[in-house]
Amino acid sequence: MEKITSFTIDHLKLKPGVYVSRKDTVGTEIITTFDLRLTSPNDEPVMNTAEIHTIEHLAATFLRNHEIFGEKVIYFGPMGCRTGFYLLLAGDYHSSDILPLLRELFQFIENFTGEVPGASAKDCGNYLDMNLPMANYLAKRYLDNVLTNPKSEQLIYPN
């Protein structure tokens, strides 16, 4: 079997950033998949499921309600390795194109207080597995270390 694209990225060189993982054509539409890498793979601890789950609920809610991008959101969800998230958008985008959106999103997560949307037994299959304070912390860390003033190497996969 042929290796899929995401397994061809050198994860020993990969740092937190915003990367275009792939672009696919579905009918006449281009779908851009972004790799939102919050932690440095194989270098620092991965995120725990509770904070990942919290970020997922907050991000999915924010993105699908976004005035400009809401109708373009195909998917937002965690990577199995627990080092980041995938964001799929309808359209042909570069990493720099979505920085304003991601700043809005992660500021929303950083400052969110109260009940996490969908965090009830009726709405979620694992609603007790949430950690809002850690989600707030990780959002601030991503904003400070990546989104506020990204370096070019945080927007393009390493060779």
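## Crossing of α1 and α2

Helix α1 passes helix α2 in a right-handed crossing, a term used when the near helix is turned clockwise from the far one by less than a right angle, left-handed being the anticlockwise case. This is a predicted model, in which local features need pLDDT of at least 70 and side-chain atom pairs count only at pLDDT 80 or more, while totals for chains, interfaces and linings use all residues. Residues are numbered from 1 along each chain as its sequence is written, and side-chain values use heavy atoms, with hydrogens and water left out.

α1 covers residues 49-64 and α2 covers residues 99-111; they pack at an angle of about 130 degrees with their axes 10 Å apart. That angle makes α1 oblique to α2 (under 35 degrees is roughly parallel, over 145 roughly antiparallel, 65 to 115 roughly perpendicular, and the rest oblique). The contact (heavy atoms within 4.5 Å) joins Ile 55, Leu 58, Ala 59, Phe 62 and Leu 63 of α1 to Leu 101, Glu 104, Leu 105, Phe 108 and Ile 109 of α2. By class, its residues are 9 nonpolar, no polar and 1 charged (Ala, Val, Leu, Ile, Met, Phe, Trp, Tyr, Cys and Pro count as nonpolar, Asp, Glu, Lys and Arg as charged, and the others, Gly among them, as polar).

## Packing of α2 and α3

Helix α3 spans residues 132-147, and its axis and that of α2 come within 7 Å and cross at roughly 150 degrees. α2 is therefore roughly antiparallel to α3. The crossing of α2 and α3 is left-handed.

On the α2 side, the residues in contact are Leu 99, Leu 102, Arg 103, Phe 106, Gln 107, Ile 109 and Glu 110; on the α3 side they are Ala 135, Asn 136, Ala 139, Lys 140, Tyr 142, Leu 143 and Leu 147. The contact of α2 with α3 divides into 9 nonpolar, 2 polar and 3 charged residues.

## Aromatic rings

The model has 6 aromatic pairs, a pair being rings of Phe, Tyr or Trp (its six-membered ring) with centres within 6.5 Å. In one of them, Phe 69 and Tyr 93, the ring centres are 5.9 Å apart and the planes stand at 50 degrees, so the pair is tilted (under 30 degrees is stacked, over 60 edge-to-face, the rest tilted). The pair links distant parts of the chain, 24 residues apart: Phe 69 is in the loop between α1 and β3 (73-78), and Tyr 93 in the loop between β4 (84-90) and α2.

Phe 69 counts as buried at 12% relative accessibility, and Tyr 93 is buried with a relative accessible area of 12% (buried is under 20%, exposed over 50%, partly exposed in between, with a 1.4 Å probe and protein chains only). Elsewhere, Phe 62, Phe 108 and Phe 112 form one aromatic cluster.

Key: Axes fitted to C-alpha atoms, helices over the stretch in contact; angles between N-to-C directions. Helix = DSSP H or I, 4+ residues; strand = E, 2+ residues; numbered from the N terminus.
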